[in-house]
Amino acid sequence: MTRPLSVKAARAVIDAAELVKAPDWSDTRQWHVVSGGRLLVVVSPSYGGTSRTGRNGWQWRLADAAPAKRQPEPTREKAAAAGLAAWMRRATRKDNP
């Protein structure tokens, strides 16, 4: 079990985070949210919509977790923000796995 971060320390990690193209972006179209060289969140296009391309938004997942079914976000920035909020909840949780 890892030690939980303080809210202040977690906020500092989030404040330093950047949304960047994944190294395999040309194949996956994924984006990474990284802070201090650490991968926090993976953002990827969500498919299954009725648009011409079939896309219906953006999905996020924590970097060390399996993808979960959740409502797609309209933009990759909003998906990144939702992922960072989940990361902060997990990083500051007392029973942090």
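The model is predicted: local features need pLDDT of at least 70, side-chain atom pairs count only at pLDDT 80 or more, and totals for chains, interfaces and linings use all residues. Residues are numbered from 1 along each chain as its sequence is written, and side-chain values use heavy atoms, with hydrogens and water left out.

Show the chain as a cartoon next. It has 3 helices and 4 strands, in the order α-β-α-β-β-β-α along the sequence. These elements are DSSP runs numbered from the N terminus, with helices (H or I) of at least four residues and strands (E) of at least two. The C-alpha trace spans about 45 × 25 × 20 Å along its principal axes. Of the 97 residues, 32% count as buried (under 20% relative accessible area, with exposed over 50% and partly exposed in between; 1.4 Å probe, protein chains only).

Select helix H3, residues 76-92. The end C-alpha atoms of H3 are 24 Å apart, which agrees with the 24 Å that its 17 residues should span at 1.5 Å a residue; the expected span is 1.5 Å times one less than the number of residues. Among the buried residues of H3 are Ala 79, Gly 83, Leu 84, Trp 87 and Met 88. The buried residues of H3 pack against helix H1 (7-15) and strands S1 (18-21), S2 (31-35), S3 (38-47) and S4. Contact here means heavy atoms within 4.5 Å.

Move to Gln 59 in strand S4, residues 55-62. Is Gln 59 buried or exposed? Gln 59 counts as buried because its relative accessibility is 18%. Its side chain reaches the backbone oxygen of Arg 70 at 3.0 Å. Not counting residues up to four places away in sequence, Gln 59 touches Val 42, Val 43, Ser 44, Ser 46, Ala 68, Arg 70, Gln 71, Pro 72 and Ala 79. Ala 79 is also one of the buried residues of H3.

Finish at His 32, in strand S2. At 14% relative accessibility, His 32 counts as buried. Which residues does His 32 touch, not counting those up to four places away in sequence? They are Glu 18, Leu 19, Val 20, Ala 22, Pro 23, Leu 39, Val 41 and Val 42. Val 42 is also touched by Gln 59.

How values were computed: A polar contact is a pair of N or O atoms within 3.5 Å; within protein, one must be able to donate a hydrogen and the other to accept it, and residues adjacent in sequence count only if both atoms are side-chain atoms.
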